[in-house]
Amino acid sequence: MNGPALTLRQVRYTNKAFWRNPASAFFTFAFPLMFLVIFTALLGNGTVVIGGRAISQTTYYVAAMASFSVITACYTNIAISVTFQRDSGVLKRTRGTPLPGSAYLGARVLHAMLVALLLVVLTTAFGRAFYDAAVPSGGPLLRSVVMLVVGAASFCALGLAMSAAIPNAEASPALVNATVLPLLFLSGIFVPLGDDAPDWIIWVGRVFPVKHFADGMQAAFLGTTFHWSDVLVVAVWGLAGLLLATRFFSWEPRR
Amino acid sequence: MEVTTTGAATGDAVHVTGLTKSYGDVRAVAGIDFRIAHGEVFALLGPNGAGKTTTVEILEGYRKRDGGEVVVLGHDPGRGGRELKSRIGIVLQSTGIDPYLTVSETIAMYSGYYPHPRPVDEVVELVGLSAKRDTRVVKLSGGQQRRLDVAIALAGDPELLFLDEPTTGFDPSARRGAWEVVKNLAALGKTVLLTTHYMDEAQYLADRVAVIAAGRIVAEGAPGSLAGRDLATSRVRFRLPDGVTPPLDLPGARLLGGFTEFSTDDPVVVLHRLLGWAIDAGVTLEGLEVTRPSLEDVYLQLTGGTGGGEAAEPAPAGRGWRSR
């Protein structure tokens, strides 16, 4: 079998194992919806001004939770689960077989991206059903799909790079959350960021990929302006993650 | 151009010459040589930290060597390569398996990585997991998981199998079971490189044993004749009733803790005389034993002290003798 065929075959096994861990699968899907319900209940009555337009925070949160679910499924899940697989020796065992490492990790990335896509669809459907959120179509939909794919792949690459920096599996949830939670707050995922956000927060958003990704996703849901530069910044971060992962990724426990 | 001896040229499955490997200041492997013929079961026997795993992981392609020549099935494992990996099977000392797949799914998944896999059902049967084939890995016992490790290593129908301490931590019956699996592999004509720190395991499974201590091979040979133990003098000991002395001129006999003890190179003749005397005199020889050094004795002598190279000297007879 060639590389792509081996990768697709591996995706099927990864998927099978994923659904057989019901607790993990359930929370992967329940988290974004749960947060959507909580945030809209707490803060959903107000409006936020983006690009001079007033936008209902309910709609805002549907888009934000779609972005959040992609970051969770790709960055957080990949970084933590790959570190656990490394420390339990699954990666080392795989390394001793003729399966190319790229096929194995590629399958994990592809699976995470599929889960992310499913999550976005689910969050959108949930938002449409309960919060009257607009479902994008046409050009905005296509552009947001580009953002989704580039973003999902980039956050997976960053997750792989992050796993290389994590010394052991026990430390992985803490370290991964330490890197992503502040950015989720500072990038308008959990708390809406409008035109009146403080300068330093806007700068954090400009440097790191989360705000760019969220903006790209928002454009389709909220009718805000789509900037290809957002896609570019996210892709550059993803590429950097890929390079770091290629250079520092470890197939064996760091003991 | 000089003709070099490679494993391929000599028909060996594994050929190691002058292998060295250090971790910082620690010389884990301090220059070892050995060869494994095709179809042979070869055991590296040594205490923890002797360099067994480092050696095996260099052969498997996980570690880079510092020096020496290593040829595995005609390849340099340091260059890795899918071609070599598709012909070997590896059972690492400790490795994880995805807990949520079943036994047969797991084996099928790994089979798919190889060009000529062995049918999954055959592999399941070979390791004795037929009754558990649809059980998820998470529900297997430790011994069953270890069998699955072997099954995964067999999935690609390898010519050469590496087993790194396959039974460490097993209860006696699980060990017996694992041994039968390895015997089955030998019967299939597989070449096996086994590491272990159990003497009985090496003795039962291996055609040849190399004892490794402090990064060096200190003895090598068939388990029955390792370090000349088949030729070693026999030790005879027995207890005589109070006040009785053997009238015979026994070679070098001495009294130790109430036991009369002597060594002889010719136990048959001496025992014949001794037993004849005992029957004639109506004397019982309580606790009569005739022993040669066991593999364990030889091993303890060779690896004892673990101070390094000096362990290579044959230990003086009379130290570490035990009955089998």
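## The end of helix 9 in chain B

Helices (H or I, at least four residues) and strands (E, at least two) are DSSP runs, numbered from the N terminus. Helix 9 covers residues 267-281 of chain B, which is 15 residues. From first C-alpha to last, helix 9 of chain B reaches 21 Å, close to the 21 Å expected at 1.5 Å a residue; the expected span is 1.5 Å times one less than the number of residues.

How many of the 15 residues of helix 9 of chain B are buried? The count is one, and helix 9 of chain B is hardly covered. A residue is buried if 20 or more other C-beta atoms, placed from the backbone, lie within 10 Å of its own, exposed if 12 or fewer, and partly exposed in between.

## Model and confidence

This is a predicted model, in which local features need pLDDT of at least 70, side-chain atom pairs count only at pLDDT 80 or more, and totals for chains, interfaces and linings use all residues. Residues are numbered from 1 along each chain as its sequence is written, while chains are lettered from A and ligands numbered from 1 in the order in which they are written.

The predictor gives the complex an ipTM of 0.90 and a pTM of 0.82. The mean pLDDT of chain B (the predictor's confidence in each residue, from 0 to 100) is 82, and 87% of its residues reach 70 or more. Within chain B, helix 4 (residues 103-111) has the highest confidence, at 97, and helix 1 (residues 7-10) the lowest, at a mean of 46. Residues 305-324 of chain B stay under 50, and the model has 31 contacts for them beyond four places in sequence. Two residues are in contact if their C-beta atoms, placed from the backbone, lie within 7 Å. Where pLDDT is low, the predicted coordinates should not be read in detail.

## Chain B and Leu161(B)

Chain B has 10 helices and 13 strands. Of its 324 residues, 39% count as buried.

Leu161(B) lies in strand 6 (residues 160-164) of chain B. Leu161(B) counts as buried because 23 other C-beta atoms are within 10 Å. Leaving out residues up to four places away in sequence, Leu161(B) touches Gly89(B), Ala153(B), Leu185(B), Lys190(B) and Val192(B). Leu161(B) and Val192(B) are 31 residues apart in sequence, but their C-alpha atoms are 4.8 Å apart in space.

## Helix pairs in chain A

In chain A, the axes of helix 6 (residues 138-165) and helix 10 (residues 228-248) come within 7 Å and cross at roughly 30 degrees. Helix 6 of chain A is therefore roughly parallel to helix 10 of chain A. Axes are lines fitted to C-alpha atoms, for helices over the stretch in contact, and angles run from 0 to 180 degrees between N-to-C directions. Angles under 35 degrees count as roughly parallel, over 145 as roughly antiparallel, 65 to 115 as roughly perpendicular and the rest as oblique. Among the residues of helix 6 of chain A that meet helix 10 of chain A are Val146(A) and Gly151(A).

Helix 3 (residues 57-88) and helix 7 (residues 172-186) of chain A pack at about 160 degrees, with axes 9 Å apart. Helix 3 of chain A is therefore roughly antiparallel to helix 7 of chain A.

## Where the chains meet

The contact takes 15 residues from chain A and 18 residues from chain B. On the side of chain A that touches chain B, helix 1 of chain A gives the most, with four residues.
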